[in-house]
Amino acid sequence: MHLTFHRRAAPALAALLLGACAAVEPPPAPAAVAPPQWSAPLPHDGRVADLTRWWQQFDDPLLVQLIAAAQQESPTLAAAASRLAQSRAAGVAAGAALLPTLEATAGVTRARSELGASVGTSRSAGLQAGWELDLFGGGRAARDAAQARFEGAQASWHAARVSVAAEVAGRYLALRACEAQLVQSRADAASRAESARLTELSARAGFRAPADAALARASAAQGNALLTAQQAQCDAELKALVALTGDDEPGLRGRLAARTAELPRPAQIDVQAVPGALLNQRPDLYAAGRDLVAASGDLAQSRAARLPRITLAGTVAAARLDAAGAQLDGRTWSVGPLAVTLPLFDGGTRRANVDAARTAYDAAAVAYRSQLRAAVREVEEALLQLKSTATRADDASTAAEGYELAFRATERRQQSGAASLFELEDARRSAVQARVALIDLQRERVAAWIALYRALGGGWSAADATAAQDPNR
């Protein structure tokens with residue numbers, strides 16, 4: 001139910017309108033608290049001034065091409081671009097709601113107004129205007145909320161772009177590491193097969209027991225099985241890249257062949273010592289902050305909906321009347337009504353809308369703080385992984401070299417009869433495991449750099465949100 005007040009009610013309503021103005025102020029955004037410094041050790045063995053398109057700073061041109069193809073084909077990025085376009089349109093609509101509306105009207109009427117009267121034809125064309133005064137800021141709150149959502153969608157598009165780059169880089173790294181392990185598996189299988197051949201010859205000549213020959217054959221069969229499994233894993237990694245990039249598999253295999261088993265080497269960076277800088281370089285954090293601003297605007301808008309509405313209308317038209325052989329031309333116009341509409345009873349709908357908006361605002365505040373903590377955790381986890389891999393690197397290399405030397409020595413001793421086949425197989429397993437562990441460590445370190453690039457925002461900064469970006473750029 002509504003009541004419409006006329007000019008004589010204006011003085012009585014003025015005090016109510018002025019007193020209500022303060023009721024629609026949006027709540028202040030909660031302060032984001034970041035730790036004063038990183039708890040994890042920082043890398044200081046290199047520096048990259050700019051993280052923008054960090055994947056171009058790898059020493060692998062093919063990786064750059066694959067990431068560009070994946071970003072072009074990514075449904076996640078396409079969805080983010082669609083949300084950006086929708087939020088831009090919503091922002092235009094919210095801003096337009098604050099302006100007067102203007103419509104063109106035209107009409108023709110032919111009628112007999114009463115019995116015995118002649119038939120008349122009237123024609124008119126004119127303009128009709130309307131404007132709702134945003135006295136309590138509800139329209140401005142809606143406009144600001146729409147703008148915040150647009151800026152958040154813009155940052156989310158950048159976050160999706162960095163996420164796709166990190167996913168492709170991780171898959172590419174896994175494939176190259178798998179290829180490196182495949183090289184080791186082929187060498188191991190060939191070594192096992194040669195040992196089995198020599199042992200079989202010795203057993204036939206009576207120099208070795210049949211059990212040794214059986215053990216050698218079993219070892220060779222196991223080596224072939226491990227090789228087949230490793231090959232299947234590499235094929236699966238390749239197919240994952242095909243799915244991400246949309247490339248045809250034969251063509252991608254051909255391009256990958258040039259640097260088979262070579263892990264990409266990332267550019268190293270010097271991490272800033274202030275965690276609070278994440279607030280200005282993480283697009284997902286910025287988007288969460290914009291969501292909070294938008295929720296604040298929604299709350300202010302829902303509060304304003306409980307207050308009076310003031311509208312003003314007006315028309316101007318040119319008309320012509322033809323009746324009984326006579327014509328009459330002229331203009332008509334009107335200003336008004338200037339109407340104030342005060343909601344009195346709606347069954348609690350508007351109050352429920354305010355409560356819902358307040359709950360959404362509180363949830364957005366919690367999500368923002370949680371996102372900040374998660375961002376700090378992601379950076380520190382990547383830093384810890386970098387430190388761990390750097391610390392383990394020398395030991396892993398020493399272990400791989402030592403086990404390889406021990407295996408070669410045991411192999412020579414076994415061929416001369418000074419060592420058993422069991423000793424040879426034990427030395428072989430240790431050498432293979434050490435080589436695989438070294439490759440895994442190299443993969444972990446590159447993956448840690450990729451994770452750090454992503455955790456630091458991938459080169460995005462809050463300054464990028466000041467102007468609209470073209471998603472197809």
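**The end of helix α9 and what follows**

Mentor: Just after helix α9, Gly417 adopts a positive phi of about 90°. The model is a predicted one, and the angle is to be read accordingly. Helix α9 itself covers residues 349-415 and bends by about 40° at Ala393.

Thr410 also lies in helix α9. With a relative accessibility of 10%, Thr410 is classed as buried, because the cut-off for that class is under 20%. Setting aside neighbours within four places in sequence, the contacts of Thr410 are Ala419, Glu423, Leu424 and Ala427. Of these partners, Glu423, Leu424 and Ala427 fall within the range of helix α10, residues 421-455. In general, an α-helix has 3.6 residues a turn, so residues three or four places apart point the same way.

Just after α10, Gly457 takes a positive phi of about 100°.

As for the whole, the protein contains 10 helices and 5 strands. Of its 473 residues, 38% are buried. Among contacts between residues at least 6 apart in sequence, 84% join residues at least 24 apart. The accessible surface comes to about 25,500 Å², and carbon and sulfur atoms account for 57% of that area.

Key:
Residues numbered from 1 in each chain as written. Predicted model: local features only at pLDDT ≥ 70, side-chain atom pairs only at ≥ 80, totals over all residues. Heavy atoms only, no water. Helix = DSSP H or I, 4+ residues; strand = E, 2+ residues; numbered from the N terminus. Buried < 20%, exposed > 50% of the residue type's maximum accessible area, 1.4 Å probe, protein only. Contact = heavy atoms within 4.5 Å. Areas by Shrake-Rupley, 256 points an atom, 1.4 Å probe, with all protein chains shown as cover. Expected span 1.5 Å × (residues − 1). Bend = angle between axes of the 7 residues up to and from the residue.
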